[in-house]
Amino acid sequence: VRADASPRAAAVALGRALRGAGLPVAIDRELLFLEALAEVDLRRPDHVYWAARAAFLTAPHQIAAFEEVFARFWAGLSLDPEPSSPVEHGESDPRMPGPQRGGESLPQFRPSARSGSLLDGEPTRAAREILAPTGEEGERGPRRGVIAAYSAEEVETRPEPLAFESEEVVAVRRLAEELRRRVPLRRSRRPRSSKRPGRLDVRRTLRAAMRTDGEAIRPAFVSPSERPRKLLFVCDVSGSMERYSRVLLASLGAAVRSGARAEAFVFATRLTRLTPELREGEVGAALERARAAVADWSGGTRIGLALAELNRIWGPRGLARGAIAFIVSDGWDRGDPELLAREVERLRLQCRRLVWLNPRPGDLAGQPLAIGLRAALPCVDDYIPGHDARAVAGLARLVGGLDSGRPTRGSGHFARIESPREARPNAAAPAGFVGR
Amino acid sequence: VPAPGSIAELRAALAQQRYLADEGLTTVLFLALRVRRPLLVEGEPGVGKTELARALAAAIGSPLLRLQCYEGIDIHHALYDWDYPRQLLHLRSGGADQLYSERFLIRRPLLEALASPGSVLLIDELDRSDDEFEAFLLEFLADFQVTVPEVGLVRAEEPPTVVITSNRTRELHDALRRRCLYHWIEHPGLEREMEIVRVRLPELPPQLLEQVCAFVHELRWLDLYRVPGVGETLDWAQSLSALGSDQVTADLAERTLGSLLKGREDLEQVRREGLAELIARAARHTSPGSGEEAA
């Protein structure tokens, strides 16, 4: 369909093609485009291009897909999806907002399973299926399931791999419930009306006075009100951390949908924002997409780079301001420890309080690869190790008691939760911890 | 001022306001004026989103009404309020009737926009407001009418041209996006930025102008926390010319870098790159004398 054949047919055809490319185009957009076409010179590709772009797009990430479709549209090429067209990659999945292709984020492997499977499905199996073709890389040991991550000697130093029992899943779910109930509050800018004498509510007082001939007989008052503080979660999803983060995010999603305010990011080697998906309960699908965009999903972590991205892109927009930030990671970083320390400090300066949550037991001596964690620890306000039910309880306790603001340096709330593993005599507490 | 009848006319009118819009932006603005849909503008901080509404209002000779959004904004800040002290005085002086009439109504930007025909309404940083306010706004933008309970229905004779900006800290609701035309503003290219600076600061020596823009262009390739926008380019150019310079030198750049970069980390990174090195790299963008961009 050429643009000058019949505008109506052209608008519909373009709308259909964009829908096919994964853009959320409804019929009202096509009508809007028709209206716009009536205002521009139909012979000028730039005018038609900009009119179409303004009418059909709703977000910047759609531009690449739009341009591709528009180029075909204007050239008069067939707009039907061909066998070689990107639809094959699964972009037409209506649950996925926006196109999933283009540029450097071209998927490496396509998950053969349904991408939407979350906790109850078999996410770990999906992970194995995708990772299988990558084979072994360098010195890394064989990859198996969710535990597949770091070097072989690492597994040797840790007698028990990081596995998650069903009771832990339950514990993390409980955490979401706790987060919702005990989320710290902050002073709101808007006062609430109150019976007790305090600040005078001029509007209500005068309004009442008008009923009594302008005599303010019953003054009305306001008192400060409180709102839930924002929570910011930055979750490691590399290697063995994935399952933990997945469960945590799903629980967090439940908390968000019942009123908590939270931002969520995941990272392996690069950062992905999951906040919108959190609200819509689409964490599973979003994680699959993030996985598709990252070549070596379980090939180690660059926490420093991910935090740098967070600080650079989202920091200036005030996402961390006044928030309680959680970094959820085992701290096994393959990047530059100095960079990590710098970025953690930078994040700390932006947020209200910075908590590092480590699902592995708190014994740093047994984790030679946790260099990143060691570098970052001096910069965080609170550190919570351990991944069992007690750690979750500790976190909930911590979150509930955070209203007082930032602890002074050193005297921080380094909650050390004893777990049976740590109780062994050879597990000495590393320096820098304040035992509790 | 008659409404611009074509895209070219609108561009000329904007240029008269010293706002240089590219083909895409002009087309979209023209459509916003003609199709009567709100225009949702997004882009990095510093690309001139707010300035755009100001220029548009001036170009079509309409009043600009600006509503700055923030967390907790409500209808008393956005729509209307009653002037209670005046009402009370009126009451005390014996006039018991007509307490809730137009004379005691305080019009906030949204109501004002309905009352002034053909105005330009700028709803700035909508992503900062709460969901509830966004829902209210959706209603407002759908019909351009509101009901003030004590007064009745207020409807716009001629709906305002609405420009909404967002910094994407929060995804705006789909329903709102669907009502709007959408435009994403990028940082301008080198040539375009030179044109902007030329129009804004006509007294600037051409050589300095070129070097300033090329240098800023070079900075945007660095991995900075806060990439300088056009506003910073203008500030820096002014700083340099205030020091009586007609050349960007490493020494001058070092002394005035504060008008370009607003953070210690960014300053340090640029110094690590080496100012002389950056200036040398920037010089490659400008062919000597002519002022045209080298490929």
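Reader: How should I read the numbering and the values here, and what is left out?

Author: Residues are numbered from 1 along each chain as its sequence is written, while chains are lettered from A and ligands numbered from 1 in the order in which they are written. This is a predicted model, in which local features need pLDDT of at least 70 and side-chain atom pairs count only at pLDDT 80 or more, whereas totals for chains, interfaces and linings use all residues; side-chain values use heavy atoms, with hydrogens and water left out.

Reader: What does contact mean, and how many residues of chain A are in contact with chain B?

Author: Contact means heavy atoms within 4.5 Å. In this structure, 44 residues of chain A are in contact with 45 residues of chain B. Buried area is the accessible area (1.4 Å probe) that two parts lose on being put together, summed over both, and between chain A and chain B this comes to about 4100 Å², with carbon and sulfur atoms giving 55%. Arg203(A), Met210(A) and Arg317(A) supply 17% of the area that chain A buries against chain B, more than any other three residues.

Reader: Which salt bridges and polar contacts are counted between chain A and chain B, and what rule defines them?

Author: Side chains of opposite charge can pair when their charged atoms come close. A salt bridge is counted when a side-chain nitrogen of Lys or Arg lies within 4 Å of a carboxyl oxygen of Asp or Glu, and between chain A and chain B the count is six. Glu71(B) and Arg261(A) meet in a salt bridge through their side chains, at 3.6 Å from N to O. A polar contact is a pair of N or O atoms within 3.5 Å; within protein, one must be able to donate a hydrogen and the other to accept it, and residues adjacent in sequence count only if both atoms are side-chain atoms. Across the interface of chain A and chain B, nine residue pairs are in polar contact, both residues being at pLDDT 80 or more.

Reader: Which helix gives the most to the side of chain A that touches chain B?

Author: Helices (H or I, at least four residues) and strands (E, at least two) are DSSP runs, numbered from the N terminus. On the side of chain A that touches chain B, α3(A) gives the most, with seven residues. That side divides into 18 nonpolar, four polar and 22 charged residues, where Ala, Val, Leu, Ile, Met, Phe, Trp, Tyr, Cys and Pro count as nonpolar, Asp, Glu, Lys and Arg as charged, and the others, Gly among them, as polar.

Reader: What links Arg11(B) and Glu23(B) to residues of chain A?

Author: Arg44(A), Asp46(A), Arg11(B) and Glu23(B) are linked in a network of salt bridges. Within chain B, the side chains of Glu23(B) and Arg11(B) meet at 3.0 Å, N to O, in a salt bridge. Glu23(B) belongs to helix α2 (residues 23-35) of chain B and Arg11(B) to helix α1 (residues 7-16) of chain B, so the pair ties together parts that are twelve residues apart in sequence.

Reader: How are aromatic pairs read, and how many does the structure hold?

Author: Rings of Phe, Tyr and Trp (its six-membered ring) pair if their centres lie within 6.5 Å, and planes under 30 degrees apart count as stacked, over 60 as edge-to-face and the rest as tilted. The structure holds 14 aromatic pairs over all chains. Phe70(A) and Phe73(A) form a tilted pair, 5.7 Å centre to centre with 50° between the planes, and both lie in helix α4 (residues 63-75) of chain A, three residues apart, about one turn of the helix. Ring pairs link Tyr49(A), Trp50(A), Phe66(A), Phe70(A), Phe73(A) and Trp74(A) into a cluster.

Reader: Are Phe70(A) and Phe73(A) buried or exposed?

Author: Buried means under 20% relative accessible area, exposed over 50%, and partly exposed in between (1.4 Å probe, protein chains only). Both Phe70(A) and Phe73(A) are buried. Gln62(A), in the loop between α3 and α4 of chain A, counts as buried because its relative accessibility is 3%, and a polar atom of its side chain lies 2.7 Å from the backbone nitrogen of Thr58(A).

Reader: Where does Asp81(B) lie, and what is its partner in a salt bridge?

Author: Arg108(B) forms a salt bridge with Asp81(B), the closest N and O atoms being 3.8 Å apart. Asp81(B) lies in strand β3 (residues 80-82) of chain B and Arg108(B) in the loop between β4 (105-107) and α6 (109-115) of chain B, so the pair ties together parts that are 27 residues apart in sequence. Asp81(B) counts as buried at 7% relative accessibility, whereas Arg108(B) is partly exposed at 26%.
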